Amino acid sequence: MEDIAKIKQAFLKGLGGAKDRAALEALRVEYLGRKGKLTLILRSLGGMVLEEKKKIGPAAQALRKEFEELLSNHEAVAKEGASAPHAAIDLTAPGRRFSRGHLHPLTQVEDEIRRIFASMNFSVVEGPEVESEYYNFDALNIPAGHPARDMWDTFWISRGAKKSTENLLLRTHTSPVQIRYMEAHEPPFQIIVPGRTFRYEATDASHEINFDQLEGLVVGKSITLANFKFVVEAFFEKFFKGRKIEFRYRPSYFPFVEPGIEVDIKIAGGKWLEIMGAGMVHPRVFEYAHYNPHEWQGFAFGIGIDRLAMIKYRVPDIRLFYSGDLRFINQF
Ligand code: DAH
């Protein structure tokens, strides 16, 4: 019985000093292993006289149980301790920076354009990207077989399950929204139409199969090209804040305007840049929209938003806008 008391004392002392699982395991072997101190006593029970056996037996069994419980409790604690450093907050670690996204440069430019035109009392209108042949061409005075159709290479859409009777395409410009808006509204009005457009073209530094345009349309009883000139010059002066801009107006041809013109700008004495098409709305376009061309007149224009962004930020290649390359995007 004395031995048992000593074993218990020694074990408890060892347990107090066991700092990790390896030390606990060593303790288990030392006392409960095949040649462990307590095991040897249990084994020796068979050679004892009955009296001794009766006393020592239950005491040794109880001690084994106690040791096992103590060991398994301590092991559980040691296990938690081992994983604790991972879960703990390391107050000395440097802070993690949150990265915040921002609007794409083309969206920023489009927003700015909307703001400037809104300040001149224009409304913003949108139209569908999948358009019918009628709105994209016919109603804009570009009938089938007209050579002007060659100016707009197109992605045609298969009619699919809808079995539409109309030919559908990805719109080649935002001009069809002129017709859609006039069909649903009475003049006078002034609108801009920003939106995505498509051309079936080989891409290069200044051409993409997908780009953004801004259409403008102003209709009233006495709208003239002088009004157009004022609006366009006011717009560019605001858009290129403070940079000195010269304007040049050249005759041009677009089937939906008469006369048609093209506007060039020269910024701070640089090169002349073709910037937009425009003109007085063709009487036949008014007829398609069910307006009386003797009663109403107006101007229309179309600008490439990508082109404006390229000029404003001196971007040499339109394809960068659609590349998804963060080294480019993060510069804005
Ligand atoms: N829709 C023409 C294009 O994509 C641009 C354009 C020219 C629009 C003259 C107009 C306009 O409204 O009057 O090439």
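Buried here means under 20% relative accessible area, exposed over 50%, and partly exposed in between, with a 1.4 Å probe and protein chains only. The structure is a predicted model: local features need pLDDT of at least 70, side-chain atom pairs count only at pLDDT 80 or more, and totals for chains, interfaces and linings use all residues. Residues are numbered from 1 along each chain as its sequence is written, and side-chain values use heavy atoms, with hydrogens and water left out. Helices (H or I, at least four residues) and strands (E, at least two) are DSSP runs, numbered from the N terminus.

Helix α10 is largely enclosed by the rest of the structure, because 7 of its 9 residues are buried. The buried residues are Ile305, Asp306, Leu308, Ala309, Met310, Ile311 and Lys312. Just after α10 comes Arg314, with a positive phi of about 55°. Arg314 belongs to the loop between α10 (305–313) and α11 (326–329). Its relative accessible area is 64%, so Arg314 is exposed.

A positive phi also occurs at Asn141, about 70°, although this residue is not a glycine. Asn141 sits in the loop between α6 (133–136) and β3 (156–157). With a relative accessible area of 11%, Asn141 is buried. Most residues other than glycine have a negative phi, and most peptide bonds are trans.

Two peptide bonds are described as cis. The bond from Pro187 to Pro188 has omega near 5°. Pro188 is in the loop between α7 (176–184) and β5 (189–198). The bond from Glu258 to Pro259 is cis, with omega near 0°. Pro259 lies within strand β8 (residues 257–267).

Helices α5 (residues 105–119) and α8 (residues 225–239) pack against one another. Their axes come within 10 Å and cross at roughly 130°. Axes are lines fitted to C-alpha atoms, for helices over the stretch in contact, and angles run from 0 to 180 degrees between N-to-C directions. The two helices are therefore oblique to each other; angles under 35 degrees count as roughly parallel, over 145 as roughly antiparallel, 65 to 115 as roughly perpendicular, and the rest as oblique. On the α5 side, the contact (heavy atoms within 4.5 Å) is made by Val109, Glu112, Ile113, Ile116, Phe117 and Ser119. Helix α8 contributes Val231, Phe235, Lys238 and Phe239.
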